[in-house]
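Please find below a colleague's note on the chain shown here.

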Amino acid sequence: MSKIPTTVITGFLGAGKTTLIHHLLQNAKGRRLALIVNEFGDVGVDGELLRGCNEEACPEDDIVELANGCICCTVADDFLPTMQKLLDRPSPPEHIIIETSGLALPKPLVKAFQWPDIRTRATVDGVVALIDADAVAAGRFATDETALALARAADPSLDHDSPLEELYEDQLACADLVILNKSDLVDDDTLSRIESDISCDTRDGVKIVRADHGAVDASILLGLFAGAENDLEARPSHHDAEPDHDHDDFDSFVVRGGEVASIDPLLAAMTPLIAAHDILRVKGIIAIEGRPARMVIQAVGPRIQHHFDRAWKPEEARISQLVVIGQKGLDQAAIENALAAVLL
Ligand SMILES: Nc1nc2c(ncn2[C@@H]2O[C@H](COP(=O)(O)OP(=O)(O)OP(=O)(O)O)[C@@H](O)[C@H]2O)c(=O)[nH]1
């Protein structure tokens, strides 16, 4: 029996994983795919956005959401039973795509493919790391040496570098293919410089492909035949010595509200809030009074985007929900108060 190929899509918060998968589903060329979508926050926005985007390639039942935590930490409880259920289906998918949360380490997930019941039936065709060229160019993953020195002085037990930089390096070190996304936001020289920096963190021979809005041909993404679970030793991680790592470096919470008259007050509130609290990611769905469609709002660092997604279904409650993610120590009360003031 041939093993079902599985592609792991990794990349930091907001790098464009969901956008890339959306493009893949719309250009699946007859492939029957299943999706496992993992989110750090406890509201599954990505699964919501992907559902229904190509029923033929991936019916709603074949999109499984694993919200509320990073897949790398919940492998035994959530991921393995989910994979087993997909593999046990009378007609299993041709290819499985896993979107990890932006804070997940890919290596523990790939290791799960060594589990006896999985290894006989599925293989990791490839780990694809998405890099946000705009965020790298802005220096968002580089260690702020002064801040680190101050943090170490305050807490001598601090034994690791910037958590963002560690994640960035872990995701690259595990990759079989790197997609340098958001190439539309960065000039050519900067892209070339980022490519040369990236190649210091990847294994030999790993290709880097530039992309705009995740528009990468399925024939490039799928069919890498890496068998990644068989060469884990070649994929170093900052967390090799601590298999029971956690995500204490990051915080996430959800702010809920009702319908709003307009999106403008929310946009006006978000810009200073993101800057003041160094918020990494905001995403959610907003109900606008009198509008039949729901609005999706996305912020990656300081960049905020919004668009109408699809019509509200008659059985859906028209509520607004925003997931907020940042580094540990976010002032949740202040952020909640500011957002609640424009959402309630
Ligand atoms: N300008 C530009 N924006 C992009 C590109 N790719 C994605 N985006 C935008 O970036 C935001 C985040 O994209 P997502 O696809 O949701 O990112 P993600 O990696 O799935 O995010 P998380 O799951 O929260 O980690 C959205 O507003 C996208 O429209 C790109 O190539 N260029």
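Predicted model: local features only at pLDDT ≥ 70, side-chain atom pairs only at ≥ 80, totals over all residues.

1. Numbering starts from 1 along each chain as its sequence is written.

2. The chain holds 12 helices and 13 strands (DSSP runs numbered from the N terminus: helices are H or I of at least four residues, strands are E of at least two).

3. For 344 residues, a compact globule would have a radius of gyration near 20 Å, and the chain agrees, with 20 Å (taken over C-alpha atoms; the rule is 2.2 Å times the number of residues to the power 0.38). The C-alpha trace spans about 55 × 55 × 40 Å along its principal axes.

4. Of the 344 residues, 41% are buried (20 or more other C-beta atoms within 10 Å of a residue's own; exposed means 12 or fewer, partly exposed in between, with C-beta atoms placed from the backbone).

5. Helix α3 (residues 75-88) has 14 residues and, at 1.5 Å a residue, should span 20 Å; its end C-alpha atoms lie 18 Å apart, which agrees (the expected span is 1.5 Å times one less than the number of residues).

6. Within α3, the buried residues are Phe79, Thr82, Met83 and Leu86. Seen down the axis of α3, its buried residues fall within an arc of 95 degrees, so they line one face of the helix (the arc is that of the directions from the helix axis to the C-beta atoms). The face turned away from that buried side carries the exposed Ala76, Asp77, Pro81, Lys85 and Asp88.
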